Amino acid sequence: MGKGLMGIFALLLAAVLTIALNVIAANGFRSARVDLTADKLYALNAGSLNVLETLEEPVTLRFYFSEGAANQVPQIKRYGQRVREMLEQYALIAEGRINLEIVDPVPFTEAEDDAVRNGLGTVPITADENLYFGLVATNTVDDREVISFFQQEKEAFLEYDLTRLIYNLSDPKKPKVGLITAHQMNQDVSPLLTFGGQGPQQWAIVPQLRALFDLVTVDLEKAVIGDDIDLLLIVHPPKLSERVLYAVDQFVLHGGRVVVMVDPFSEVGTAFRNQQRQAGGPPVPDSSDLQPLLAAWGVDFTGGRFVGDWDYAQRVNMGSGAGGAAKPVRYLSWLALQPNTYDTDDIVMGGLGPVVVASAGHLSKREGAASEFRPLIRTGAESMLFESNFLRAGPNPRNLIEAFKATDESYVVAARVSGPVATAFPDGAPEGATAAKPHLTEASRPANLVIIADSDMVFDQFWVREQSLGGKRLFVQTSANADLMINALDHLAGSEDLISLRSRGKSERRFEVLAALRREAERAFLDQEKALADKLTKTRERLVELQAKARPGAGNLISKEQQAEIDKAEQVIQQTRRELRDVQHDLNKDIDSLETRLKFANIGGVPVLIGLLALVLAGMRASRRRRNVAGSRG
């Protein structure tokens, strides 16, 4: 066999071996993984590992994914592979306690019927084919958790969502939430006592809370928080006695979690103070602050002042337009804050839409506090703090606008507080306090609190629109206010392992160098594109002018010179349009070419270099063997 033929044979053999190794690895070593991703996408958090290792009863995960339909949506197909690999990792670590089933719901099959029965969402691909991409999880007593459709926008929280789902199935009891509030939000009042009539009725958020939690009202007279309370929800509390403050203080120090909503000025409480008194309840205070507790937790709250934000102010109608017509103006105390003002890396805020607040206060870290203060929502820089007196006489957008002077400072509207906290009662329990547990001066474990400087936001007006259908009340969400509260409660109600989880990176990472080069290329073409656009505009204006002179009935006769000028202008317009298209085409062509070269260098270049290195090494070994043979013969 000649040397050339032998070389070809060696290359073919290497190719066959490479393919064989890939097939064997794909099928025989699916569970063997080394995570070399920058964000450790496939290395589960310690919290997830603890949940899986303590899982006592089997859980079945049915992953519904339409393989054929996903081939037409590459982005979903890639994310589907990411989810599948993550689920396989969970099943591997659980060592038999998780039964993973991969289901392809092909149209008109029993698998598709199962997907529909389980309430999975779809993306229509064709008239006869839908793409399913969801998860149904069950335990041995038929409790069920469903992710109807995996949204790629929430990829950073994929691990949290999966771990939470498994945790809920391992402990299906609803968390018990103790409610402390000055409002009658949790009471069933006669339908005759409506907001437009004599008094309040149950707030729309309460049924949503009850669907997820065992919601009970804390008895403020007894001033005792029972051992069965998993977490507290404090919404614009009344003036609390020392005994109640002490009960909350010790609840936190003994490891309890709290969602607090305090308010520098409660617009809802002020509006319905008289109605609540007529309904038999105590009057709602104008403001709330929980100052002794917040100070002990390491938080300062600007009581008596609210934040106004020019950029995020909602527009309301005022009857000051022409002829008395309503005119939309900015109402600086009502803010529709957007996701760019959130800490979207925090699980509580991830994936939320706009949040509407009304006369919200400002939170900040107390000087010298040992706890960690992590802002969740901030205002924009075009903001200032107003005195609450601006609102006591009723809404007046014009007064706020006239008094507005931006401080070039953003203000924290919501924050997470965690870590070590101390008691607000260093001298022990106040007189008359009942304590079932020993007095603590420091937290027995790191505290975890979510504090929001507004309570009006969970009132119906600010997050939901009511509709009536067949005599039933239906609610359509207009903001993410309820989602924010439920996210906070749901997160804090979980185990320490769940709370320890944070957002992860995304599986698709853009080429940073390519992005920078793309920006440079766009800037390079910008001047040329602008010059052509200006030329096109001027030529069109000239053409309109010429055509107006030649318009029938204008009393003008068009000359040959004018017609020639019109024709020339039309030709210039067509030519300029072509040049504009060419500019954009050249831009895209250069970027695509650059992207192709970079992808080849990153994806294909490394294997090619390894192959060349292997050939060089093989050649060196062959040459060494030939020299050794020649030497032995000599």
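User: Why is E367 called exposed in this predicted model?

Analyst: The model is a predicted one. A residue counts as exposed when its relative accessible area is over 50%. E367 has a relative accessible area of 80%, so E367 is exposed. E367 is placed in the loop between β15 (363-365) and β16.

User: How far apart are E367 and A295, in sequence and in space?

Analyst: The two residues are separated by 72 residues in sequence, and their C-alpha atoms are 9.8 Å apart in space.

User: Why is the phi of F108 worth a remark?

Analyst: Most residues other than glycine have a negative phi. The phi of F108 is near 65°, which is a positive value in a residue other than glycine. A223 is also not a glycine, and its phi is positive at about 55°.

User: How do you know that R84 and E88 form a salt bridge?

Analyst: The criterion is a side-chain nitrogen of Lys or Arg within 4 Å of a carboxyl oxygen of Asp or Glu. The closest N and O atoms of R84 and E88 are 3.3 Å apart, and a pair within 4 Å is therefore counted. Both residues lie in helix α4 (residues 74-94), where they are 4 residues apart, about one turn of the helix.

User: Why is R84 called partly exposed, whereas E88 is called buried?

Analyst: Buried means under 20%, and partly exposed lies between that value and 50%. R84 has 24% relative accessibility, so R84 counts as partly exposed. E88 has 15%, so E88 counts as buried.

User: What makes D214 and K176 a salt bridge, and which parts does the pair tie together?

Analyst: The closest N and O atoms of D214 and K176 are 3.9 Å apart, and the limit is 4 Å. D214 lies in strand β7 (residues 214-217) and K176 in strand β6 (residues 176-181), so the pair ties together parts that are 38 residues apart in sequence. D214 has a relative accessible area of 32% and is therefore partly exposed. K176 has 19%, so K176 is buried.

User: Which residue forms a salt bridge with R374, and where do the partners lie?

Analyst: R374 forms a salt bridge with D343, with the closest N and O atoms 2.6 Å apart. The pair links distant parts of the chain, 31 residues apart: R374 is in strand β16 (residues 372-378), and D343 is in the loop between β13 (327-337) and β14 (355-358). Both R374 and D343 are buried. Salt bridges that share partners also join E67, K77, R84 and E88 into one network. The whole structure contains 16 salt bridges.

User: Why is α8 described as largely enclosed?

Analyst: Of the 12 residues of α8, 10 are buried, so the helix is largely enclosed by the rest of the structure. Among the buried residues are V244, Y246, D249 and F251.

User: What do the corresponding values show for helix α6?

Analyst: The 13 residues of helix α6 (residues 158-170) should span 18 Å, and the end C-alpha atoms are 19 Å apart, which agrees. In α6, 10 of the 13 residues are buried, so this helix is largely enclosed by the rest of the structure. The buried residues include L158, Y160, I166 and L169.

User: What makes the surface patch of positive charge, and why is R621 called partly exposed?

Analyst: The patch is a gathering of R621, R624, R625, R626 and R627. R621 is found in helix α17 (residues 560-633). R621 has a relative accessible area of 46%, so R621 is partly exposed.

User: Which residues make the nonpolar surface patch?

Analyst: L613, V616, L617 and M620 make this patch of about 360 Å². V616 lies in helix α17, and V616 is partly exposed because its relative accessible area is 49%.

Conventions: Residues numbered from 1 in each chain as written. Predicted model: local features only at pLDDT ≥ 70, side-chain atom pairs only at ≥ 80, totals over all residues. Heavy atoms only, no water. Patch = residues over 30% accessible without salt bridge, like charges linked within 9 Å, V, L, I, M, F, W, Y side chains within 5 Å. Areas by Shrake-Rupley, 256 points an atom, 1.4 Å probe, with all protein chains shown as cover. Lys, Arg positive; Asp, Glu negative; His and termini not counted. Charge placed at Lys NZ, Arg CZ, Asp CG, Glu CD. Helix = DSSP H or I, 4+ residues; strand = E, 2+ residues; numbered from the N terminus. Buried < 20%, exposed > 50% of the residue type's maximum accessible area, 1.4 Å probe, protein only. Expected span 1.5 Å × (residues − 1).
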